[in-house]
Amino acid sequence: MERQPASRGIASLLTLFPAEHSLGGIPGHEVAETTEASPARVVLIQQLATAYLRSALYGEDTAWHTAVTALEAAPDPIGTLQSK
């Protein structure tokens, strides 16, 4: 019997260069400080997470595709995204 994955969403790996570990270094929900030196990386993580959730929850939403396209088209990208 073939086992079905627990999730049917897109499997993706975001690699940022160079960056802190743990989602930009933000240690908690209500915490304002971060160990991440680049606000752009923190914003990118927020945008990609939001876009992923919108597209996963609302099948017709194109936020994920738009965010991935923007990251790939950036002239000097701060990271790469691999999806399967």
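## Thr-50 in helix α1

The side chain of Thr-50 reaches the backbone oxygen of Gln-46 at 2.9 Å. Thr-50 is found in helix α1 (helices are DSSP runs of H or I, at least four residues, and strands runs of E, at least two, numbered from the N terminus).

## Basis of the model

This is a predicted model: local features need pLDDT of at least 70, side-chain atom pairs count only at pLDDT 80 or more, and totals for chains, interfaces and linings use all residues. Residues are numbered from 1 along each chain as its sequence is written, and side-chain values use heavy atoms, without hydrogens and water.

## The faces of α1

Buried residues of α1 are Arg-41, Leu-44, Ile-45, Leu-48, Ala-51 and Ser-55. Seen down the helix axis, they fall within an arc of 140° (taken from the directions from the axis to the C-beta atoms), so they line one face of α1. Their cover includes β1 (12-16) and α2 (63-73). The face turned away from the buried side carries the exposed residues Pro-39, Gln-46 and Leu-57.

## The whole chain

The protein chain has two helices and two strands. Along the sequence, the pattern is β-α-α-β. Buried residues make up 21% of its 84 residues.

How values were computed
Buried < 20%, exposed > 50% of the residue type's maximum accessible area, 1.4 Å probe, protein only. Contact = heavy atoms within 4.5 Å. Polar contact = N/O pair within 3.5 Å; in protein donor to acceptor, adjacent residues only side chain to side chain.
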